[in-house]
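Please look at the sequence and the model shown below before reading on. The report that follows begins with one residue and then widens to the rest of the protein.

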Amino acid sequence: MESLDRYIRQQASQDMRRVMARVFVAVSADHPDRILGYYTLSAATVSAGDLPPDMTQRLPKYPVPAALVGRLAVDRTAARRGLGSLLLADAVKKTMLAAQTVAMTVIAVDPIDDAARRFYEAFGFRSLLGPERRMFLALPTLKRDSLEG
Ligand SMILES: CC(C)(COP(=O)(O)OP(=O)(O)OC[C@H]1O[C@@H](n2cnc3c(N)ncnc32)[C@H](O)[C@@H]1OP(=O)(O)O)[C@@H](O)C(=O)NCCC(=O)NCCS
């Protein structure tokens, strides 16, 4: 997908320099200079009113602290081999570890198209109620020990 290629070539280093996003990449073992996939993580908030009622019953009406996977992409040559799932699992794991220190209730994603929506839905992500196409997953509260290593 061209916009995602352009992001890693042109914008990722700027986002990192300005601390707008952390960028994590997966590289090929044989060619470590070759990026096969990547994702970004940033701090964000979600409006409590955009979450479904089953979640907001137990939350105050303030913005809800979140981690945002702003972009996640896999190179066409590596598609449908589980790398996207691995990257998403890594983003969730990193967020859960960070949430031990900085409170976060949900992880949000911005799917680029309907295929990406289906990808996230398979992992339990649900649509937010607002006008954006953003989706979210409630973070389970796990003990720190179960995440390390
Ligand atoms: C969406 C994307 C990240 C998936 O990466 P991937 O490495 O191919 O995904 P996986 O191999 O881990 O696939 C896991 C499951 O997701 C679903 N899935 C993946 N791509 C899909 C697609 N294009 N359409 C429908 N379902 C899809 C399937 O259920 C798949 O399981 P299966 O292969 O056993 O059927 C990748 O296609 C991509 O980078 N797309 C372009 C950019 C993009 O859409 N990014 C996402 C949001 S910015």
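With 11 C-beta neighbours inside 10 Å, L59 counts as exposed, a class that holds for residues with 12 or fewer other C-beta atoms within 10 Å, while 20 or more make a residue buried, anything in between makes it partly exposed, and the C-beta atoms are placed from the backbone. L59 lies in the loop between helix 2 (53–56) and strand 3, where helices (H or I, at least four residues) and strands (E, at least two) are DSSP runs numbered from the N terminus. Leaving out neighbours within four places in sequence, L59 is in contact with A48 and V64, and contact here requires that the C-beta atoms of two residues, placed from the backbone, lie within 7 Å. The C-alpha atoms of L59 and T45, which are 14 residues apart along the chain, are separated by 14 Å.

This is a predicted model, in which local features need pLDDT of at least 70 and side-chain atom pairs count only at pLDDT 80 or more, whereas totals for chains, interfaces and linings use all residues. Residues are numbered from 1 along each chain as its sequence is written.

**The whole protein**

The protein has four helices and seven strands, and from the N terminus on its elements follow the order α-β-β-α-β-β-α-β-α-β-β. Its radius of gyration is 16 Å, close to the 15 Å that the globule rule gives for 149 residues, so the protein is as compact as a globular protein of that length; this radius is taken over C-alpha atoms, and the rule is 2.2 Å times the number of residues to the power 0.38. Along its principal axes the C-alpha trace spans about 50 × 35 × 30 Å. Of the 149 residues, 22% count as buried, and residues 24 or more positions apart account for 58% of the contacts with a separation of 6 or more.

Which residues cover the two faces of strand 5? In strand 5 (residues 106–109), V106 and A108 lie on one side and I107 and V109 on the other, and all of them are buried. Four bridges join strand 5 to strand 3 (residues 64–69), and these two strands run parallel; strands count as paired if DSSP finds at least two bridges between them. Four bridges also join strand 5 to strand 7 (residues 135–138), but here the strands run antiparallel. V106 takes part in both pairings, since it stands opposite A66 and has A138 as its bridge partner in strand 7.The largest nonpolar core has 28 residues, and A66, V69 and A108 touch the most other members; such a core is a set of buried Ala, Val, Leu, Ile, Met, Phe, Trp, Tyr and Cys residues joined through C-beta atoms within 7 Å. Two or more residues of this core come from each of strand 2 (35–46), strand 3, strand 4 (72–74), helix 3 (83–98), strand 5 and strand 7. Not counting residues up to four places away in sequence, A66 touches A44, T45, V46, M104, T105, V106, I107 and A108.

**Around the ligand**

The ligand is surrounded by 21 residues, of which A73, G84, S85, A115 and A116 are the closest; a residue is near a molecule if its C-beta atom, placed from the backbone, lies within 6 Å of it. Strand 4, helix 3 and helix 4 (114–121) each supply at least two residues of this shell, and helix 4 gives the largest share, four residues. By class, the shell has 13 nonpolar, three polar and five charged residues, where Ala, Val, Leu, Ile, Met, Phe, Trp, Tyr, Cys and Pro count as nonpolar, Asp, Glu, Lys and Arg as charged, and the others, Gly among them, as polar.

Most residues other than glycine have a negative phi.

V25 is found in strand 1 (residues 22–27), and it is partly exposed, because 13 other C-beta atoms lie within 10 Å. Leaving aside neighbours within four places in sequence, V25 is in contact with I35 and Y38. The C-alpha atoms of V25 and G37 are separated by 5.7 Å, although the two residues are twelve residues apart along the chain.
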